[in-house]
Amino acid sequence: MNTEKLTFIAVVALLSAALFAGGIWVVNKQKNRDKNDLVEFSNEIALLESRINGEIANTSDGTFIYSNPDSARVELAKIAEEIRVSKLMIEKEPNKALKQMADLEASQIRYTQIIDRIENDRDQNTANFVSNAKQQINSYKSELDKALDKNRGLIGQLAKSIKDFKGTKAQLEVLKTEKLRLEEVYKEQNQTRLALDSVINDRNELRDLLAKAQRQIDDLRKENDALTKREDVRESVVYGFMATYNFKGRDVELDDQGRHRPSQTEKLVISFNVGTKVFDDDGSPKQIILTLYKDGKPITNFPKTPVNVSAGKGKLNFEFKDRLKEGNYFFRATYKERQVMPDFKFKLTSLF
């Protein structure tokens with residue numbers, strides 16, 4: 001074999017070896033690049049997974065406001081599960097993952113768009129809530145200020161009524177209990193009012209406080225409606241009726257407990273209050289007619305007796321011609337034959 005052929009074979013051999021070595025280098029370089037791409041991609045979707053899990057937690061604890069937190073939570077949980085499956089494939093079957101890389105990257109883009117949309121919804125709704133809440137706070141503060149003024153007035157009226165009261169002990173206790181209740185309501189209202197002034201931008205605290213204020217305002221409206229109706233009813237009736245007799249230098253109130261003797265009731269002092277809407281505005285005398293009944297029948301000892309009313313009060317000093325007997329009695333108050341007071345019942349007995 002001549003020298004030229006040997007040289008040619010040697011050159012071909014060297015080129016073949018060089019190409020083979022170069023091919024190995026290229027393959028190894030591609031493998032390393034693919035491995036690095038997978039690691040980088042795995043890190044990216046791990047960060048996305050962490051972001052999604054954080055948002056799922058946000059939808060569950062009520063701190064933030066979403067258009068539909070349940071729907072957002074379901075959508076995010078589905079994405080989180082898909083990412084978990086993708087991470088597992090990258091770890092266990094990297095070659096399969098490389099073949100599906102285009103699909104995985106497309107899914108990554110879709111996941112990012114979904115989480116971006118949900119976060120934007122959350123931020124917008126939360127911002128709107130805070131803005132609306134601040135407006136609602138000003139409205140509630142105004143409402144509570146009116147309610148506080150109303151309650152102060154009612155407490156003052158009750159205090160005066162208690163001071164001037166001439167009814168029974170049981171009736172007085174009802175007034176005192178009502179006053180204590182209104183004072184507690186006033187205290188709670190005032191605490192809420194002060195809290196509305198100092199509330200911080202904590203959304204849970206703000207939401208709870210607004211809900212509490214709304215409940216109080218609703219309760220106050222019902223309370224005021226009831227009080228107004230009660231006052232209207234009271235202005236249409238005779239109230240605070242008392243019948244007393246003097247025993248050993250002190251005034252004793254008649255009642256139906258059977259503690260009063262006929263001999264003690266020869267002289268009675270009767271007093272009562274009259275609501276402003278009892279009398280017709282027709283110029284007729286402002287008189288309440290009292291009738292005494294025994295066992296459900298009017299008695300002759302106490303015929304229908306007119307009692308003049310002045311400044312909303314009526315009073316009558318009455319002395320029986322004949323002593324009352326043992327039995328069950330009641331006074332009935334009427335105006336133009338219309339009964340204007342529940343019957344005032346009392347009992348006389350000689351037994352103790």
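Mentor: One term before we start. Two strands count as paired if DSSP finds at least two bridges between them. And keep in mind that this is a predicted model.

Trainee: Noted. How do β1 and β3 pair, parallel or antiparallel?

Mentor: Antiparallel, over five bridges. One place to look is Val238, whose bridge partner in β3 is Val274.

Trainee: And how many bridges join β1 to β2?

Mentor: Four, and those two strands also run antiparallel. Thr244 stands opposite Glu253 of β2 there.

Trainee: Is β1 largely enclosed or open, and why?

Mentor: Enclosed. Strand β1 covers residues 238–247, and seven of its ten residues are buried, so the rest of the structure largely encloses it.

Trainee: Moving on to β7. Which of its side chains are buried?

Mentor: Gly314, Leu316 and Phe318. They point to one face.

Trainee: How many bridges join β3 to β7?

Mentor: Seven, and the two strands run antiparallel. Take Leu268 as an example: its bridge partner in β7 is Phe318.

Trainee: What about β6 and β7, how do they pair?

Mentor: Antiparallel again, over two bridges. β6 spans residues 305–310. Val309 stands opposite Gly314 in β7.

Trainee: Which residue has a positive phi in the hairpin of β6 and β7?

Mentor: Ala311, near 55 degrees. Two residues sit between the strands in that hairpin.

Trainee: Change of topic: charges. How many salt bridges are there in the whole structure?

Mentor: The search finds 15. Start with Asp116 and Arg51, where the closest N and O atoms are 2.4 Å apart.

Trainee: Why is that pair worth a look?

Mentor: Asp116 lies in helix α4, residues 101–164, and Arg51 lies in helix α1, residues 3–61. They are 65 residues apart in sequence, so the pair ties together separate parts of the chain.

Trainee: What else does Arg51 bridge to?

Mentor: Glu119, with the closest N and O atoms 2.8 Å apart. That pair also links distant parts of the chain, Glu119 in α4 and Arg51 in α1, 68 residues apart.

Trainee: Why does Glu119 count as buried?

Mentor: Its relative accessibility is 17%, and buried means under 20%.

Trainee: Where is there a salt bridge between loops?

Mentor: Go to Glu266 and Arg323. Their side chains meet in a salt bridge at 3.0 Å, N to O. Glu266 is in the loop between β2 and β3, and Arg323 is in the loop between β7 and β8, so the pair ties together parts 57 residues apart in sequence. Glu266 counts as partly exposed, at 33%.

Trainee: Which residues do shared partners join into one network?

Mentor: Arg51, Asp116 and Glu119.

Trainee: Which residues make up the negative patch on the surface?

Mentor: Asp37, Glu40, Glu44 and Glu105. Helix α1 gives the largest share, three residues. Asp37 is found in α1, and at 35% relative accessibility it counts as partly exposed.

Trainee: Last one. Where is Arg110?

Mentor: In helix α4. Arg110 is partly exposed, with a relative accessible area of 37%. Check Ile79 as well: its C-alpha is 9.6 Å from that of Arg110, and the two residues are 31 apart along the chain.

Note on methods: Residues numbered from 1 in each chain as written. Predicted model: local features only at pLDDT ≥ 70, side-chain atom pairs only at ≥ 80, totals over all residues. Heavy atoms only, no water. Salt bridge = Lys/Arg side-chain N within 4 Å of Asp/Glu carboxyl O. Buried < 20%, exposed > 50% of the residue type's maximum accessible area, 1.4 Å probe, protein only. Patch = residues over 30% accessible without salt bridge, like charges linked within 9 Å, V, L, I, M, F, W, Y side chains within 5 Å. Areas by Shrake-Rupley, 256 points an atom, 1.4 Å probe, with all protein chains shown as cover. Lys, Arg positive; Asp, Glu negative; His and termini not counted. Charge placed at Lys NZ, Arg CZ, Asp CG, Glu CD.
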